[in-house]
Amino acid sequence: MTEDILINVTPFETRVALVEQGSVQELHIERSIQRGHVGNLYLGKVVRVLPGMQSAFVDIGLERAAFIHVADLRQNRTERSNGTAITPIEKLLFEGQALMVQVIKDPLGTKGARLSTQISIAGRMLVYLPYDPHVGISQKIESEEDRTSLRERVLSFMPEDENGGFIVRTQAEGATDEELRADQSYLRTIWNSIQAKAKSQATPSILYTDLTLAQRVLRDMVGPSTGMITVDSRSTTQELLDWAKTYTPSVLSRIKHYSGERPLFDTANVDEEIARALSRRVDLKSGGYLIIDQTEALTTVDVNTGGFVGGRNFDDTIFKTNLEAAVALARQLRLRNLGGIIILDFIDMDDAGHRSAVLAELNKALAKDRTRMTVSGFSQLGLVEMTRKRTRDSLAHQLCEPCPTCQARGNVRTPRTLCYEILREILRESRQFNPKEFRILASQAIVDLFLEEESQHLAMLGDFIGKPISLEVESQYSQEQYDIVLI
């Protein structure tokens, strides 16, 4: 089954959609003023060491100080692999120390970027590990014969004075010796330039920037199942062709420039998919639906039968809905780029065979996802718990912000609740101050309620405190906004 890649480029933003059988499976967005930092190398300065948390804060020139844990220090790699006690962070780092670090997680919410000193530089076929002298093979290369052959070939190309090592990527399966040598040479050249910059620049400074989103598509996403790579920018098309000539010549014939009258994303209804991916509700073809809620700690997915009554009996209806939901939610995880802990609440099934079939369908659908995941079976509560590696913001966090009216609660207090809150506030202030008059500034809905159903309570409070209370509409106020002015 082929996957086509659409790349929409504007001066302010690059968007990539992976389309399979006319359906959008993945979306990637990179804005020019908000480029991610994962993979970038910095010469940072340690600003604070926290022995109690075995962590440190490092200034790398971003808005917030970045964070590094003792487990991400390469000095402790041998101890971790041997299971021996690791060296405490306070014995490895000190305030003011210059430190070469790599971003492994972008800043998320209020958290700064996460760092590591275990440097890795990704190429097309290989990942270079300058401080780790071993050769590893991607777990997705399953053939033991291929794994052994690749390891031996990569080792044979390494010079005797090489201090680093390599991880062989999935794309290296079937690669020629020339391609592997070229990738090794390219990665060593990058590392030499990084080392030269580190010796000449002050802290904090950037030493290496990862590829643009369009280039990373060729490096990371293109595989045997990839069909056409269509780009709507002539300059970006040429940039990708030049990059592919050097690093991925086999892809050249699949890169083409789109010059049609319709916007490129309109040809696959990508913008409509983006709008749907920002909604809580996902409708299934059968009439059932999913409800997806994203919180700080985890994401929950609730499956409902909705209007689907097509099964021979109730159990059959539930089973078919859950099977369809398993495929749909696997796609939604990729589309929305949801990560961290994910709780799946399928409709309860009494039949153990049905539960096994749904779990098998879920794992089959998730197998298309390049992101690392773990999936557990059904718990005693009938929930499926899973994790999906999170390295960047979800689609909703990239494109949306908390609602200023409800402050991201998802609901607002009723006008009556706010009226009573205002009355209590006036009573409280009347005991502390002695104005001539209290004036309520509020939205139209609040003022209307005070003039109608709550007029008696407002008059009773005015009589009780012995002061007049007037009303004034502020058209710019949201329902929950109000002010009490003492005149």
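## Basis of the report

Contact here means heavy atoms within 4.5 Å. The model is predicted, so local features need pLDDT of at least 70 and side-chain atom pairs count only at pLDDT 80 or more, while totals for chains, interfaces and linings use all residues. Residues are numbered from 1 along each chain as its sequence is written, and side-chain values use heavy atoms, with hydrogens and water left out.

## His 257

Leaving aside neighbours within four places in sequence, His 257 is in contact with Val 231, Asp 232, Ser 233, Arg 234 and Thr 237. A polar atom of the His 257 side chain lies 3.5 Å from the backbone nitrogen of Arg 234.

His 257 belongs to strand 15 (residues 255–257); strands (E, at least two residues) and helices (H or I, at least four) are DSSP runs numbered from the N terminus. Its relative accessible area is 26%, so His 257 is partly exposed, the class between buried (under 20%) and exposed (over 50%), with a 1.4 Å probe and protein chains only. From His 257 to Gln 407, 150 residues apart in sequence, the C-alpha to C-alpha distance is 44 Å.

## Glu 454

Glu 454 sits in the loop between helix 11 (444–451) and helix 12 (455–465). Glu 454 counts as buried because its relative accessibility is 2%.

Residues up to four places away in sequence not counted, Glu 454 touches Arg 416, Cys 419, Tyr 420 and Leu 449. With Tyr 420 there is a side chain to side chain polar contact of 2.9 Å; such a contact is a pair of N or O atoms within 3.5 Å, and within protein one must be able to donate a hydrogen and the other to accept it, with residues adjacent in sequence counting only if both atoms are side-chain atoms.
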